[in-house]
Amino acid sequence: MDILTIAYIVIVLLTSVYAYSKWTYTYWKRRGLEYLEPEFFYGSNKDLIQRKLGIGDHFANVYNSFKSRGLKCGGLFMFFKPVFMPVDLDLVKTIMQKNFDNFRNHALFVNEKVDPLAGHLFNLEDEKWRKIRSKLTPTFTSGKMKMMFHTMVACTSGLETILERHSNIQEPIEIKDLVSRFTTDVIGSVAFGIDCNSLENPDSEFRQYGRKIFQFDLVRRIKGMIVMVIPRQILVMIGFKQMDPDIEKFFMKVVKDTVRYREANNIHRKDFMQLMLQLKNRGKVSEEEESSPLPVGQIEGQFMTLNEVAAQCFGFFAAGFETSATTMTFALLELALNQDIQDELRKEIGMVLEKHGGELTYDGIMQMSYLDKVIFIPETLRKHPPIPGSPRVCNKDFNIPGTEVVIEKGTRIHIPFQAIHRDPEYYPDPEKFDPERFNEENKAKRHPFAFLPFGEGPRICIGSRFGLMQAKVGLCAILRKFKVTLDEKTATPIKYSTTSPLTSVDGGVWIRVS
Ligand code: HEM
């Protein structure tokens, strides 16, 4: 082929892609929906793709631009794909709850044959999601939380030892790293029954792989782009793999070894793995400790396979340690900046502990109203939601109430939690950290969908109780003994990282303890 022919083919190809994108970018106009003017290739997300803004800040800009135009919703483009964004909270409720059947799935590409660990609840779709969700729901009741409480408390001693050391040598500590090691130890222990030891050893394998799950390096970003641009059917056909092989190998081995060991030695522990073994061998979670297979004839329900068990354990690890560590980090940041609130909280912790003989107990934690309904944790999650937004996909055409616009099957949706949490219509002076926003009177005045740190509707976070409990246990352990102040190494005013999928602070949060 001569050079002229090659040049001709390239020109034809580029012109076709350009013409296709031009046509695609008229999608929202053709459907009669106001939209953000896209740019070639980037669509409406140039700042996000070029990493000038993080996910939360970028979608907050999009939300604010629709809101300032008085719109209830709007259209945008992710590369060439149309994305719908609800702004009005009744419409958010319609999508997440009222018309859930039209918007059941998270729109994430999974091929369990190639990526068995990706078959966790967050990624699953339709009937398989429904089936696994109903099996897992009983593992997160308050009774089960009570059962796992002591494991959480046991992990606080390492946390206290490290802070004691930093207090003595008067050195600041990057608190996100420390509390991530705490939550890694808690989840490792509760989900896998393994002492991860990452508080003692910051480079433990669990901590290393935990960090890796949330590192979005170039390869991950390219894979993410491929998944957005190439149709699913083609990805399945070519066996496209997303999961890093070393992460997969590590977690698969941990789960399989633990399952085999427990089954061979008839070991029962009060943890999540025990409940998974019940699902694997008995098809349901029961109150008994027993998890060995039932005799033929007594079997109820369907069983989980070993791969499904591994995927759920991996999902809980990934979804559980970083989100709770993020909550604890922002709570400590705000407490360091608001010493009066910190004093109030420490007073409550002291009073409750005194009533419970100086011990951190489940009932004691449940009595901490300033920590809990107070307001304090909700205000942290409002101002800094760890997951800044959630995707959905439309699986049945849906007519937006009161308009002619139809969201077509296959259209992606983005629900911008962070933007809603910072909307002055619902939270006046939104940058201010004010726990009183969550007293009963103020809460009652707000639209229930103005607070979405755990999502809403049938797809709401299944581990919220667990996540809140471990954050509270960790915070109580810190605040009962230490006063926290912000070290000058923290870049203030803080900026959110533009590279992390979860909300996190650029340069970290450096805390001094005394
Ligand atoms: C403070 C901590 C946490 C926060 C802020 C958080 C937040 C969220 C959010 C926003 C979603 C998406 C909901 C939606 O799309 O509507 C979610 C889903 C999920 N979370 Fe959490 N989460 C936390 C802790 C945990 C923990 C500790 C676990 C497990 C032990 C967990 C497991 C999950 C799972 C499995 C899903 C998927 C649910 C489904 O699709 O049915 N999360 N979480």
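A donor is an N, O or S atom within 2.8 Å of the metal. Keep that cut-off in mind as you explore these close-ups of a predicted model.

View 1. Look for Cys-461: its SG atom lies 2.3 Å from the iron and is the single donor that the protein provides. Because a donor has to be within 2.8 Å of the metal, this SG atom qualifies at 2.3 Å. Cys-461 sits in the loop that runs between helix 20 (440-445) and helix 21.

View 2. Ser-390 has a side-chain N or O atom 2.6 Å from a ligand oxygen. For His-106, a polar side-chain atom is 2.7 Å from an oxygen atom of the ligand, and for Arg-392 the corresponding distance is 2.8 Å.

**View 3. The shell around the ligand.** Which helix gives the largest share of this shell? Helix 15 does, with six residues. Helix 6 (126-136), strand 4 (390-393) and helix 21 (464-479) also supply at least two residues each. By type, the shell has 15 nonpolar, nine polar and four charged residues.

**View 4. A hairpin of strand 1 and strand 2.** These strands pair in the antiparallel sense through six bridges, and Cys-73 has Pro-86 as its bridge partner. Two residues separate the strands, and Phe-79 in the turn has a positive phi of about 50 degrees. In a regular strand, side chains alternate between the two faces of the sheet. In strand 1, Cys-73, Gly-75 and Phe-77 point one way, Gly-74, Leu-76 and Met-78 point the other way, and all are buried.

Key:
Residues numbered from 1 in each chain as written. Predicted model: local features only at pLDDT ≥ 70, side-chain atom pairs only at ≥ 80, totals over all residues. Heavy atoms only, no water. Polar contact = N/O pair within 3.5 Å; in protein donor to acceptor, adjacent residues only side chain to side chain. Helix = DSSP H or I, 4+ residues; strand = E, 2+ residues; numbered from the N terminus. Nonpolar A, V, L, I, M, F, W, Y, C, P; charged D, E, K, R; others polar. Donors = N, O, S within 2.8 Å, 3.2 Å for Na, K, Ca; no water. Buried < 20%, exposed > 50% of the residue type's maximum accessible area, 1.4 Å probe, protein only. Pairing = 2+ DSSP bridges.
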